[in-house]
Amino acid sequence: MTVNLYFVGTAGSGKSTLVKEFKLWMERQGFAPVTVNLDPGAENIPYSPDIDIMDWISLQGVMMEHGLGPNGAQIVCSDMIAMNALELREVMDTYSCDYFLIDTPGQIELFNFRRSSQEVVQTLGKDNSMFVFIFDPILSKQPSGYVSLLMLSATIHYRFQVPYMSVLGKSDILSDQDIKKIKEWTKNFDALETDLASMETLEKEVGIEQVRGLQQISFKEILTPVSAFDWVGLEDIYASVQDYFYGGDDLESR
Ligand SMILES: Nc1nc2c(ncn2[C@@H]2O[C@H](COP(=O)(O)OP(=O)(O)OP(=O)(O)O)[C@@H](O)[C@H]2O)c(=O)[nH]1
Ligand SMILES: [Mg+2]
């Protein structure tokens, strides 16, 4: 079985860099993952994808052909990815590997809310898929930002219904104290509610109600700090995937 590991997160949260570094990390362990870029608007990908949706679709091309601005073209592109998913799958099937590392578009609202992305995940193989949702470190530092990401994470989790893990991205730019505070929020909704209550804006009322809603559906996150730059938490990502699909067994190196 080949695992389709999707890296998902808000714009600039570090998806592409994590794909790049996780691939290098896996190669260092003796594995041979294959990278897939699903972002048709990616201009400066920090690695050279093995399979690239831009070979089929490009944001620039769609903008020119249909006379659209970047946002309208992104919507067209996300539907075009679904239309090309079978062909993409056929190309993926020509590789013999244990992991596909799949880099998703920055416009998470498109990836999250449009039906086409569910179709893509389905066509590429839902049973062997897992999501890594990256919490943006700067947003996560503020209680209201953290709750917004929690809501987004819950939506993605329930919408796609595939195995799922959350990571706190770019942890190298957070202080130990920040990481401790965020980890406490993940374990203890009361602590999060207290910190929200100390805010002086209207956001606090919304945030508190959102936290209570998440509590009601028993939504729980385990947030693993990662840093693509420092190779922190990469082993935890690998361990979670192995745990889910292989009961914790290691892969054979290729
Ligand atoms: N400090 C730090 N910076 C990082 C890390 N990972 C990524 N970055 C930086 O964050 C910025 C965005 O990284 P990307 O990997 O392009 O993020 P992305 O989520 O793929 O961005 P979009 O595809 O545009 O949504 C870049 O300047 C990266 O160098 C990390 O682990 N630590
Ligand atoms: Mg990217």
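User: Which residue just after α11 takes a positive phi?

Analyst: This is a predicted model, in which local features need pLDDT of at least 70, side-chain atom pairs count only at pLDDT 80 or more, and totals for chains, interfaces and linings use all residues. Residues are numbered from 1 along each chain as its sequence is written, while chains are lettered from A and ligands numbered from 1 in the order in which they are written. Helices (DSSP runs of H or I, at least four residues) and strands (runs of E, at least two) are numbered from the N terminus. Just after α11, a positive phi of about 55 degrees is taken by Ser 218.

User: How many residues of strand β1 are buried?

Analyst: A residue is buried if 20 or more other C-beta atoms, placed from the backbone, lie within 10 Å of its own. Val 3, Leu 5, Phe 7 and Gly 9 point one way from β1, Asn 4, Tyr 6 and Val 8 the other way. Strand β1 (residues 3–9) is largely enclosed by the rest of the structure because its buried residues number seven of the seven.

User: Which residue in β4 stands opposite Tyr 6?

Analyst: Strands pair if DSSP finds at least two bridges between them. β1 and strand β4 (residues 99–103) pair in the parallel sense over five bridges. Opposite Tyr 6 stands Ile 102.

Technical notes:
A residue is buried if 20 or more other C-beta atoms lie within 10 Å of its own, exposed if 12 or fewer, and partly exposed in between; C-beta atoms are placed from the backbone.
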